Amino acid sequence: MTLSFRRRAVNAVMLTLTGVCTFLVAGVLLVILGYLAWNGATSLSLDFFTKLPVPVGETGGGMANAILGSAKVLLLAMLIGVPIGFFAGVYLAEFGDSAYSGVIRYATDLLNGVPSIVIGIFAYALVVQPMKHFSTLAGGVALGIMMIPISLRTTEEFLRAVPVSLREGAMALGASRSRTIFTVVIPAAKNGILSGLMLNLARVAGETAPLLFTALGNPFWSSGWLQPTATLPSMIYNYAIAPYDDWHRQAWAAGFVLLVLVLTVNVAARFAIGRGSARGRS
Amino acid sequence: MATQPATLSPSSERSFLQRIRSGDAVAHTLTGMAASTILAVTILLAYHLWSGSSLPRSAFGWSFVTGSDWDPVAEKFGALPFIFGTLTTSLLSLLIAVPVGLGAAIFLAELAPRGASDALTFMIELLAAVPSVIYGLLGIFLLVPFLQSTLVPVLVSTLGFLPIFQGQFFGVSVFSAGIILAIMIVPFIISVSREVLLAVPQDQREAALALGSTKWESTWKIVVPYAMRGIMGSVFLALARALGETMAVTMVIGNKPQIATSLLAPGYSIAAVIANEFAEATGNMHQQVLIELGLVLFALTVLINGAARLLILSTKAGGK
């Protein structure tokens, strides 16, 4: 009787604790969102989207240059990372049954696990060192390299999910292998691949570490692709660690804008793919 | 040729096949080239880290990782405080995140109804999508003041006799960095562990319950051990992420290269020192030393990711 009581008590206590753990984590999420939304929304104004940063001491100003800078860096990253990842994903899903594809998979996993700051060092060595100055291009290369593994993985996963009967149908009609792939299989997997791309973009949009010594930063508009540029995440970092209250407000506004963007894309993409199958991240 | 269909003449047959083959060959080559690019990028990355740090490797050798003096101006480079800071913050974060994450995964996999479990998991996975610089922002303005006003005074008054909770607390510290990291890695542990728990066959649970065990006993003594390798895999993945995490740690660790017994003292991490000093490195040697730190970080994460993948693959392949 006493043993049974002890076992029942342990049962109840431990099961309750697991529930507490769950709601602790969910609570942290709510606190983060709530605190950020409160501070961000109260700091946000139209100026944030339209004006340049102002020097220390003046109030007001915005981060228009950083928003554009982030967009430019992300565009470059997409142009670099997505084609490589996409075609390599097609290779692994459609032609990849050799030992060589095992090697590619291993390299992709390796690349995916490399800390983003190390990717930054790599982009510095690839672009900044030979060109002798920091640039939007270098930031794009850094984020582009980070996009490759996820781009590959989502492409491969969604191509493999296309039913074999579709391929067989196309082949039976006399289509060649490559024609089957590009006119039947890829269109069938299009939604999944596009959602994966959005998740991938959202992931690198918040990356700061690889931009610190590639895109660097810039208090003004950055013209062209070969000048340093401000980006939203690096502005959050610089403004948050500065000792000025007005800068802190700007950092909250920037954080809020960034988080809203990232979470909206995540929610939308995950719903588009269907919950549970969205394995965009490692 | 005699066995080919009579409707196609041999010559048109050949050109038809050739056309198909050449199209396939083009697609094969093109996609194969993209795949090879990834291999090339990975090799080039390792090569740059290796060749970019040749100066300090020949100058300091292994004393680089055992020395604890860091003075770039005097060209004294000992990386031990950074390695120490990276390891302590990561281990501290695991110490917090593993029990909480495993508890939540058990709740989500074993107790919660499937619909609620999916919704909660979806929410928790969103936590993993929050950029690290935003965790840093919240660390500076939400976590550090909270620690200073509430948690640390309580810890010091109850556990202050322990050497790890002694000394002055300035807010920025190894302790703060560990907590921020724990919040960042807990979603990974939950989402992977929940999945491996859900993959445990139902008859394992039923057999345990039929023998008279309570729900908790069946979970803790049967289901969790069955899924142990996958759970360990999730922990390793989380550890790899914690080791390489830069922004959030840089913003709350205090950036002071010292090795202190107390968790409440400021510290420094490998990723943080690269982030702070790389763009303004004072000379060739300084920059190469930072690249060598990148190499150390790269090697650590490659090892740990490899171990994680092996563990997760082995559970998927054959259960225990």
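## Aromatic pairs

A search of the whole structure, which is a predicted model, gives 20 aromatic pairs over all chains. Rings of Phe, Tyr and Trp (its six-membered ring) pair if their centres lie within 6.5 Å; planes under 30 degrees apart count as stacked, over 60 as edge-to-face and the rest as tilted. One of the pairs is edge-to-face and joins Phe86(A) and Phe87(A), at 5.3 Å centre to centre and 75° between the planes. Phe86(A) is buried at a relative accessible area of 17%, while Phe87(A) is partly exposed at 26%. Here buried means under 20% relative accessible area, exposed over 50%, and partly exposed in between (1.4 Å probe, protein chains only).

Phe165(B) and Phe175(B) also form an edge-to-face pair, with 6.0 Å centre to centre and 90° between the planes. Phe165(B) lies in the loop between helix H6 (132–159) and helix H7 (174–198) of chain B and Phe175(B) in helix H7, so the pair ties together parts 10 residues apart in sequence. Helices are DSSP runs (H or I, at least four residues), numbered from the N terminus. Phe165(B) is buried at 9% relative accessibility, and Phe175(B) is buried at 6%. Elsewhere, ring pairs link Phe60(B), Phe64(B), Trp70(B), Phe77(B), Phe82(B) and Tyr268(B) into a cluster.

## Interface of chains A and B

In chain A, 82 residues are in contact with 84 residues of chain B, contact meaning heavy atoms within 4.5 Å. The two chains bury about 7200 Å² between them, 79% of it on carbon and sulfur atoms. Buried area is the accessible area (1.4 Å probe) that two parts lose on being put together, summed over both.

The interface has 2 salt bridges, a salt bridge being a side-chain nitrogen of Lys or Arg within 4 Å of a carboxyl oxygen of Asp or Glu. One of them joins the side chains of Glu125(B) and Arg270(A) (3.0 Å, N to O).

## Around Ser234(B)

Ser234(B) belongs to helix H10 (residues 228–244) of chain B and is buried, with a relative accessible area of 1%. Leaving aside residues up to four places away in sequence, Ser234(B) touches Phe188(B), Ile189(B), Val192(B), Ser193(B) and Ile312(B).

## Conventions

Residues are numbered from 1 along each chain as its sequence is written, and chains are lettered from A and ligands numbered from 1 in the order in which they are written. Local features need pLDDT of at least 70, side-chain atom pairs count only at pLDDT 80 or more, and totals for chains, interfaces and linings use all residues, while side-chain values use heavy atoms, with hydrogens and water left out.

Key:
Helix = DSSP H or I, 4+ residues; strand = E, 2+ residues; numbered from the N terminus.
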